[in-house]
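Dear colleague,

Please find the structure below, together with its sequence. My notes on it follow.

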Amino acid sequence: MLLPELKQRRDKIRVLMAQQGIDAALFTCNVNLIYTYGQVVSGFLYLPLNDSARLFIKRPNNIEGEHIRPIRKPEQLPDLLTEQGLPLPQRLMLEGDELSFNEYRRLAACFPSAEVLPCGSALVRQARSVKTKLEIELFRRSGLAHAKAYAQIPAVYRPGMTDRELSIEIERLMRLEGNLGIFRVFGQSMEIFMGSLLAGDNAAAPSPYDFALGGEGMDPALPGGANNTPLQEGQSLMVDLGGNFYGYMGDMSRVFSIGRLPQQAYDAHQLCLDIQDAIADMARPGVVCEDLYNKAIDMVTRAGMADYFMGVGQKAKFIGHGIGLEINEAPVIAPRMKQELEPGMVFALEPKIVLPGVGPVGIENSWAVGAEGLEKLTICEESIIEL
């Protein structure tokens with residue numbers, strides 16, 4: 001990772017630290033190490049408010065540099081900081097939402113004279129919610145690879161397949177285009193493989209996870225996504241695999257059909273496209289997230305489709321979410337969300353409808369917020385494609 005890029009990211013965090021009177025932060029979770037150092041290591045990045053960042057590495061043992069030191073255990077941190085001429089912190093920030101209770105207590109105990117604050121996760125997620133120019137460029141490249149993989153889906157479909165069999169073929173296409181295969185989600189109870197393929201009524205199956213549409217999954221140990229549904233005539237299926245090509249979680253859903261669908265499905269799909277277009281026209285810096293959500297609800301209500309919007313029975317209470325190093329970042333397009341859009345934010349917009357007996361329709365694309373409006377990052381065919 002280029003040093004100017006890392007400095008820009010660290011300085012964004014420092015601005016937020018200064019606003020809260022925090023004089024140092026300690027990061028050890030993978031996503032925050034990627035953001036502040038550029039790669040995953042086993043160790044700690046210590047970020048002083050007014051000095052250079054220090055990296056203390058347990059593994060791998062082949063990284064060297066001016067401000068890099070080996071470490072075996074966190075209890076060594078105070079002595080190592082003192083050796084480098086740094087004062088010990090008075091107010092230290094830890095990743096309170098990501099560390100386990102015991103990890104947090106152990107790190108806090110290393111600095112007995114400091115006031116230790118658990119706000120690190122929230123503060124860094126705030127910094128990460130506004131992307132740098134390089135991060136947005138990585139999203140653009142990811143969108144191209146994502147679209148290239150999706151364009152090949154009709155070629156791997158074979159009559160008689162199940163949703164699981166087709167999902168495996170699409171996952172292979174994604175990996176061949178460079179997808180890293182890992183799906184990073186914030187929160188320990190949010191789990192999924194590479195994403196989901198939801199066919200027919202499985203799209204309406206309730207899920208314990210806070211996804212737009214759930215799916216039953218193959219086993220109660222991972223209750224989400226494909227459930228071995230045979231792909232049959234008159235059925236729709238939605239492909240929603242995460243576009244993690246450069247460490248950043250792009251998001252895109254497209255709908256396919258087995259043969260011709262009832263006209264209601266095409267009408268509902270067009271409604272979702274219309275919602276996407278209306279929100280894309282409305283969204284710009286300063287617009288409140290809740291207002292975008294309310295616009296979508298107003299449109300589906302007037303169209304008489306509210307009962308099927310964002311699920312049936314169990315509904316998702318959002319139509320969009322920030323994306324980045326994790327799939328669920330800020331902002332969230334949902335009711336009561338008063339956050340305003342800012343230039344540099346990147347989010348997925350996903351108006352979706354589930355029709356009983358047919359399956360899911362709708363759209364999902366990734367968008368970057370610019371000074372004047374939105375830039376679409378995932379560009380490929382948006383109509384229902386017949387297999």
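Is alanine 265 buried or exposed? In this predicted model, alanine 265 has a relative accessible area of 1%, so the residue counts as buried. Alanine 265 belongs to helix H9, residues 263-282. Beyond its neighbours within four places in sequence, alanine 265 is in contact with Leu355, Val358, Val361 and Ile384. The C-alpha atom of alanine 265 is separated by 28 Å from that of asparagine 328, which is 63 residues apart from it along the chain.

Helix H1 covers residues 3-19, and its end C-alpha atoms are 24 Å apart, in agreement with the 24 Å that 17 residues should span at 1.5 Å a residue. Its buried residues are Glu5, Leu6, Arg9, Arg10, Ile13, Arg14, Leu16 and Met17. The elements covering them include strand S1 (24-27), helix H2 (30-37) and helix H6 (133-151). After H1 comes glycine 21, with a positive phi near 70°.

As to aromatic rings, the count comes to 2 pairs. In the pair of phenylalanine 139 and tyrosine 248, the ring centres are 5.4 Å apart and the planes stand at 65°, so this pair is edge-to-face. Phenylalanine 139 lies in helix H6 and tyrosine 248 in the loop between strands S9 and S10, so the pair ties together parts 109 residues apart in sequence. The rings of tyrosine 209 and phenylalanine 211 have centres 5.7 Å apart and planes at 50°, which makes the pair tilted.

Charged ends also sit over rings: that of arginine 125 is 3.8 Å from the ring centre of phenylalanine 186, and that of arginine 260 is 4.1 Å from the ring centre of tyrosine 266.

With kind regards

Note on methods
Residues numbered from 1 in each chain as written. Predicted model: local features only at pLDDT ≥ 70, side-chain atom pairs only at ≥ 80, totals over all residues. Heavy atoms only, no water. Helix = DSSP H or I, 4+ residues; strand = E, 2+ residues; numbered from the N terminus. Expected span 1.5 Å × (residues − 1). Buried < 20%, exposed > 50% of the residue type's maximum accessible area, 1.4 Å probe, protein only. Contact = heavy atoms within 4.5 Å. Phe/Tyr/Trp six-rings, centres within 6.5 Å; stacked < 30°, edge-to-face > 60°. Lys NZ or Arg CZ within 6 Å of the ring centre and 35° of its normal.
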